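Me: I am new to this structure and would like to go through parts of it slowly. Please show it to me, and then I will ask about one place at a time.

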Amino acid sequence: MEKKVLVIDDSALMRRVISDIINSDEQLTVADTAMNGMMALEKLLRGARYDVILVDIQMPKMNGVQFLKELNKNQIRIPVIVVSSVASKSADETIEALELGAMDFVKKPENSMGSEREEFHSKMLRAAYVACGLGRYQGEKEKNERPVERTRIVPKSHRAVKKGEKLVVIASSTGGPKALQSVIPYFPAGFPYPVVVVQHMPAGFTGSLAKRLDELSPLTVKEAEDGDILRPGMVYIARGGKQCEMIQKGPGQYQLSENDKPPRGGLKPCADIFLESLVDTSFEEIHCAVLTGMGADAMKGIELLKRNKKMKVVAQNEATCVVYGMPRAVVQAKLADSVTALENVTGTLIKTIEE
């Protein structure tokens, strides 16, 4: 039986574009559309039910954020995917929508033609499949992506290991923006090590995520910029639409590279690429948390680091994940040192760091 989809967007063109994408898949069908959140809410309050709701952010009468608040108020539990533009206001409200329980979001294409349209098509179906419990969307064409070239940044003779040089890395994807709110704010003031977060997000959204986490946290949280020098007690969110890598400038001096190297597995930023860049640094210890997300990103990078570094890995447990993909890959590969509920991730990280 086809999964029923509700599409909410004030643009007739966008409703048609999204409907055509959904109806192109034999397991999905657009059961209804609405011009704004108010019209959609009326349908739901009259008893209409869907397997997933796709909702725009900026709409008259009732926008996407207000719609999600009404769903929560009326205890309507249907997976919601936000379909958002990259405009500054939309980006901030997309983060708020994810806080309110939206499962995922897909960025609207700025160009309705060519590769951007194709990418929107595949990401829309991928998100809908996960939300409907259909598993991984198999309709995407495999891309022949060039492997990311990596050079040995620090010659062995310069790899001075200073006692106490430690780094925390957090990798997350679907469900990550909300999950991070149960992790980052619980690092205590005065935490003595830098934290780098690789959250799968397109360009234009990680700044809003960093801003929101900064408001909630005793530590300073910022969107990573090319050339940022790592500071103790700072949290750096890898920039959406870029690859993030670590460069060692000298003993105890580390710099972030936000670059335009190609995606790997469609991911930019990619946690594997960031973790691999740590191999030739002199960090004494690396502590990594793998949170909710689809796929297996971070697993290969962790495997490489475990062979070359002192590394401890905390995986979020299945019960608290929106999508149990990335943590499962780490657990199945026997790379996780501990598996714990989301609310215990920060405490477990801190405990392993202090051991």
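Me: Which backbone oxygen does the side chain of Ser277 reach?

Reply: This is a predicted model, in which local features need pLDDT of at least 70 and side-chain atom pairs count only at pLDDT 80 or more, while totals for chains, interfaces and linings use all residues. Residues are numbered from 1 along each chain as its sequence is written, and side-chain values use heavy atoms, with hydrogens and water left out. At 2.6 Å, the side chain of Ser277 reaches the backbone oxygen of Phe274.

Me: Is Ser277 buried or exposed?

Reply: Ser277 lies in the loop between helix 8 (271-276) and strand 12 (285-290), where helices (H or I, at least four residues) and strands (E, at least two) are DSSP runs numbered from the N terminus. Buried means under 20% relative accessible area, exposed over 50% and partly exposed in between, with a 1.4 Å probe and protein chains only. Because its relative accessibility is 1%, Ser277 counts as buried.

Me: Which strands stand at the edges of the open sheet of seven strands?

Reply: The seven strands are arranged in the order 8-9-7-6-12-13-14 with parallel pairing, and two strands pair if DSSP finds at least two bridges between them. One side of each edge strand is left without a neighbour in the sheet, because each has a single partner strand, and these are strand 8 (220-223) and strand 14 (338-340).

Me: Which residue of strand 13 is the bridge partner of Val290?

Reply: Strand 13 (residues 310-316) is joined to strand 14 by three bridges, and six bridges join strand 12 to strand 13, which run parallel. Five of the seven residues of strand 13 are buried, so this strand is largely enclosed by the rest of the structure. The bridge partner of Val290 in strand 13 is Ala315.

Me: Which residue in the hairpin of strand 10 and strand 11 takes a positive phi?

Reply: Strand 10 (residues 243-250) is mostly covered, with six of its eight residues buried, and seven bridges join it to strand 11 (residues 253-259) in an antiparallel pairing. Gly250 stands opposite Gln253 in strand 11. Two residues lie between the strands of this hairpin, and the positive phi, near 75°, is taken by Gly252.

Terms used:
A polar contact is a pair of N or O atoms within 3.5 Å; within protein, one must be able to donate a hydrogen and the other to accept it, and residues adjacent in sequence count only if both atoms are side-chain atoms.
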